[in-house]
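Please work through the exercises below with the sequence and the model open beside you, and try each task before reading its solution.

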There are 2 protein chains.
Amino acid sequence: MREYIDQESLEDLATGATVLGAGGGGDPYLGKLMARQAIELHGPVRLMQVAELPGEGLVLPVAMMGAPTVLVEKIPNGSELESVVRAIETRLGQQAVALMSAEAGGINSTIPIVAATELGLSLLDADGMGRAFPEIPMCSMSVRGISATPMALADEKGNLMLLETVDNAWTERLSRAATVEMGGSSIIALYPMTARQATSAVISGTMSRAIEIGERRRTARQQTLDPLGELLEATSGKILFRGKVVDVLRRTVGGFARGTARIEGLGEDTGATLQIEFQNENLVALRDGKPVATVPDLISVLDADTRAPVTTEGISYGQRVEVVGMPCAPIWREPGALEVAGPGYFGYPFEYFPLEEVEA
Amino acid sequence: MREYIDQESLEDLATGATVLGAGGGGDPYLGKLMARQAIELHGPVRLMQVAELPGEGLVLPVAMMGAPTVLVEKIPNGSELESVVRAIETRLGQQAVALMSAEAGGINSTIPIVAATELGLSLLDADGMGRAFPEIPMCSMSVRGISATPMALADEKGNLMLLETVDNAWTERLSRAATVEMGGSSIIALYPMTARQATSAVISGTMSRAIEIGERRRTARQQTLDPLGELLEATSGKILFRGKVVDVLRRTVGGFARGTARIEGLGEDTGATLQIEFQNENLVALRDGKPVATVPDLISVLDADTRAPVTTEGISYGQRVEVVGMPCAPIWREPGALEVAGPGYFGYPFEYFPLEEVEA
């Protein structure tokens, strides 16, 4: 079991988390730089397993909220992370024992590392999605009935907000409006929970899993193994499509990066077209108009040359890509979970189907 | 000196505050009903003079935020007032000694009465504007450099927000966005201050003044004196125009009730037109296109028959009205104050001039 995140595992984590991010979670490069600097200053982060958590200890997820397109241009000043963690600790009258990633995904896997090393706290080997999702209620903690509030938001100017809402849909509405007003992104701490609650509510092992995905890709390249094969094996994934990006439509609306990418097939897929629709994260993949993968299953786009994951804000005209589908964490296939993270929630007229059930 | 607000003085206060509200501050009838019920349940409210305040005691203004057009349809459930007061007390680790009106104006003069009687607190004989204004920084406390935060917002659903901002302009932005998201109105507590700060930062005696204005109008009617003359004497006001409302343009935008009322002259003013522009409150009065009164001076519209003040959401086609101008509280004529509450702030291309300097 991995006990620390150091500079090397940070590299692997950033790659692996971006694969799990399904196109979202923000720019991995920026997040990695921030975490690299933080580890250089404060040392490696202790990775705590869910089973090691002390019963009543406070576990606190931290993240960046907003459109990834904005995050790239609006770098946090560093004090926001401490400010949101302290705001929740003060409100609850209890100090955190471990921080946590709310989601797997570029910047939102590394932001908690920055916070943990700066504040001298452990990082839980877990996340709340097993991937990245665009909205706050789309968390395993929410599926398990845990409130997202008290939640704290801070911006780089020094504004701080503490929210207590009647349900997690209201948390999303009010914090999204605040994030838009703060300029399109904010630093947040939310879903505070006891270790006991965390045990049944978080997706355990996500950090180790992301590091493993990144590590296998890296060592495959060094050992001239097939990095794509390694990635598919590590994620139980499958190739959905190979082709060239011919069209990208992107707009930042209501604090989200929304859009569509159209990919024309190459090789085996010549003559076919894959359309990917995204809201921060890739939501559905339609092959010649027919859905072949949908949320909550993961759809990740890889650069065909480097096999590096491409985020929704990085995808661009002319890129040669491989599109990979990966099954979501089991909690998302439980009854009720699809209501907050299935295709119907995002307005699509078709039902969720497990990715494995579609023939390649 | 008046020591309590009971049912009788509440009636006078509601009328007088609506005159001072300059068209804003929300529906006086609804506010009066709420306060009447609260006084019936909990007894009269003790009115505390600024000079009586204990040095380090916490003074806390409470108000309703949002478009008055919305307030009429979205009645608070009662627990929001306690919730915002407790949120600030908890944040500061200090109990309030007195609540206060943030502004003079229909509902925002009576909301603090409801809160004070429910919570068993005194009400300070003061406000932060000497009138009503549409935005948070337009407060005498802000002119004196006091922060509007920590500020608490609550809605009737049970959502609660605590804000700490870098300046009062950011308080306005973030709380306005939240208020819009909460459905267009919210209950707020803000500008917490020590009694010592309050002494130099509030507009003293506003409650008594509003009660006096209402009382003189009421007794004038009983004694067949001229209620308009009494009102002008009590407020050092003057008549700007008499006429009939021929056009009202109103829209609720960004959490504000904005619009224009056009009045065609009658009697001495026959042949002339007065245009009043408002943002919750009446901002400027233009006679045949020429400004005759502007913020921060007060522009109030009275029903010509009853001499009852008419709010911007109550003004309607065909009403016969008298438009009255009244000088603002002296603090608004200090250097710097006009920057946050003068015509330039609201986008008008002319400078403020004291109402008294224009010939009738």
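**Exercise 1: a helix and its burial**

Task: list the buried residues of helix 9 of chain A, and state how many residues helix 9 of chain A has.

Solution. The buried residues of helix 9 of chain A are A:Thr206, A:Met207, A:Arg209, A:Ala210, A:Ile211, A:Ile213, A:Gly214, A:Arg216 and A:Arg217, where buried requires 20 or more other C-beta atoms within 10 Å of a residue's own, with C-beta atoms placed from the backbone. This is a predicted model, in which local features need pLDDT of at least 70 and side-chain atom pairs count only at pLDDT 80 or more, while totals for chains, interfaces and linings use all residues. Residues are numbered from 1 along each chain as its sequence is written, and chains are lettered from A and ligands numbered from 1 in the order in which they are written.

Turning to length, helix 9 (residues 206-222) of chain A has 17 residues and reaches 24 Å from its first C-alpha to its last, close to the 24 Å expected at 1.5 Å a residue; the expected span is 1.5 Å times one less than the number of residues. Helices (H or I, at least four residues) and strands (E, at least two) are DSSP runs, numbered from the N terminus. After helix 9 of chain A comes A:Thr224, with a positive phi near 45°.

**Exercise 2: between the chains**

Task: which elements give two or more residues to the side of chain A that touches chain B?

Solution. To begin with the totals, 16 residues of chain A are in contact with 16 residues of chain B. The elements in question are strand 8 (160-164) and helix 7 (168-181) of chain A, of which helix 7 gives the most, with 6 residues. Finally, 5 bridges join strand 8 of chain A to strand 8 (residues 160-164) of chain B, and these strands run antiparallel; A:Glu164 has B:Leu160 as its bridge partner.

Technical notes. Two residues are in contact if their C-beta atoms, placed from the backbone, lie within 7 Å. Two strands pair if DSSP finds at least two bridges between them. A residue is buried if 20 or more other C-beta atoms lie within 10 Å of its own, exposed if 12 or fewer, and partly exposed in between; C-beta atoms are placed from the backbone.
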